[in-house]
Amino acid sequence: MLFDGPREKIWYYHDIVKDDMRNGNGLRVTIFLAGCNHYCQGCHNPETWDPTNGILFDEAAYNEAMEAVDHDYIQGVTLSGGDPFHPANRYATNLFVQDFRKRFHTKKDIWIYTGYTWEQLHDKNSPDYDALNTLASIDVLVDGPFKKELADVNYHWAGSTNQRVISVPKSDDHNIVLYEDEKKGIFQGKLLSGRFNFTSPLVIPPSTEIEEKTFNPEDVFTELERRGWKESMLKHK
Ligand code: SF4
């Protein structure tokens, strides 16, 4: 159990919100953790940056969170912050996610908000690669730091448009599928080394037909327009 581990590996947290509608799909239980080293300009929660400035996530907090999730009207849990993938949080985040999966299987989903990008977490040479085993067990990752200049109050589930709401089971280190697009049956490709790879069923409703094609960069936006995609969907970095 995560609250039994070495003290320096246990989470500190700020809040457990039991009827959250802002941090993920449906009604959710959201745990706001302490600890973030992204220091984004315009961050709304700078008090969460210090990984030990919060309440120790003890057995009572754990039970409180699990009981709150265990209602039919709750779709799942969201781990936010702070950053659940702050080095001080990774160990406990992984334990919590594994434990949650064992308890609720796929009946409840898991969303994680992190200031790291998908690419950073998949970079074998990065010290942040160790968060990857946790990723394999979650449903949605909202990635990247908050960028004040890209802030958009109408952007769904994230604060700035560089952040992506990624369907984890559908994505891999070469292709990212956005959560909403997965629902619509539109899969998104990704710019790779100056070329754009599509691996996508491009019709609605979802098709089993997979199209794989590589475009020259100058043709990408014409192709996107033809398919009704928005150029802004590519401006991730
Ligand atoms: S990642 Fe989130 S919590 Fe961390 S500094 Fe950026 S906005 Fe604040």
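Visitor: What order do the strands take in the open sheet of seven strands?

Guide: In general, strands of a sheet pair through backbone hydrogen bonds, either parallel or antiparallel. Here the open sheet of seven strands runs 3-1-2-4-5-6-7, with mixed pairing. Its edges are strand 3 (55–56) and strand 7 (164–167), each pairing on one side only. Strands are DSSP runs of E, at least two residues, and helices are runs of H or I, at least four, both numbered from the N terminus; two strands pair if DSSP finds at least two bridges between them. This is a predicted model, so to speak of local features takes pLDDT of at least 70 and side-chain atom pairs count only at 80 or more, while totals for chains, interfaces and linings use all residues. Residues are numbered from 1 along each chain as its sequence is written.

Visitor: In which sense do strand 5 and strand 6 pair?

Guide: Strand 5 and strand 6 are parallel, over three bridges, with Tyr113 opposite Val142 in strand 6. Strand 4 (residues 76–80) and strand 5 (residues 109–113) also run parallel, joined by four bridges; Leu79 has Ile112 as its bridge partner in strand 5. Strand 6 and strand 7 run antiparallel, again with four bridges, and there Leu141 faces Ile166 in strand 7.

Visitor: Which residues are closest to the ligand?

Guide: Being near means having a C-beta atom, placed from the backbone, within 6 Å of the molecule or strand. Here 13 residues surround the ligand, and the closest are Cys36, Cys40, Cys43, Gly115 and Phe146. By class, the shell has six nonpolar, six polar and one charged residues. Nonpolar covers Ala, Val, Leu, Ile, Met, Phe, Trp, Tyr, Cys and Pro, charged covers Asp, Glu, Lys and Arg, and the others, Gly among them, are polar.

Visitor: What pLDDT does the chain average?

Guide: pLDDT is the predictor's confidence in each residue, from 0 to 100. The chain averages 81, and 73% of the residues score at least 70. Over residues 190–212 the pLDDT is below 50, and residues 231–237 are below 50 too. Where pLDDT is low, the predicted coordinates should not be read in detail.

Terms used
Two residues are in contact if their C-beta atoms, placed from the backbone, lie within 7 Å.
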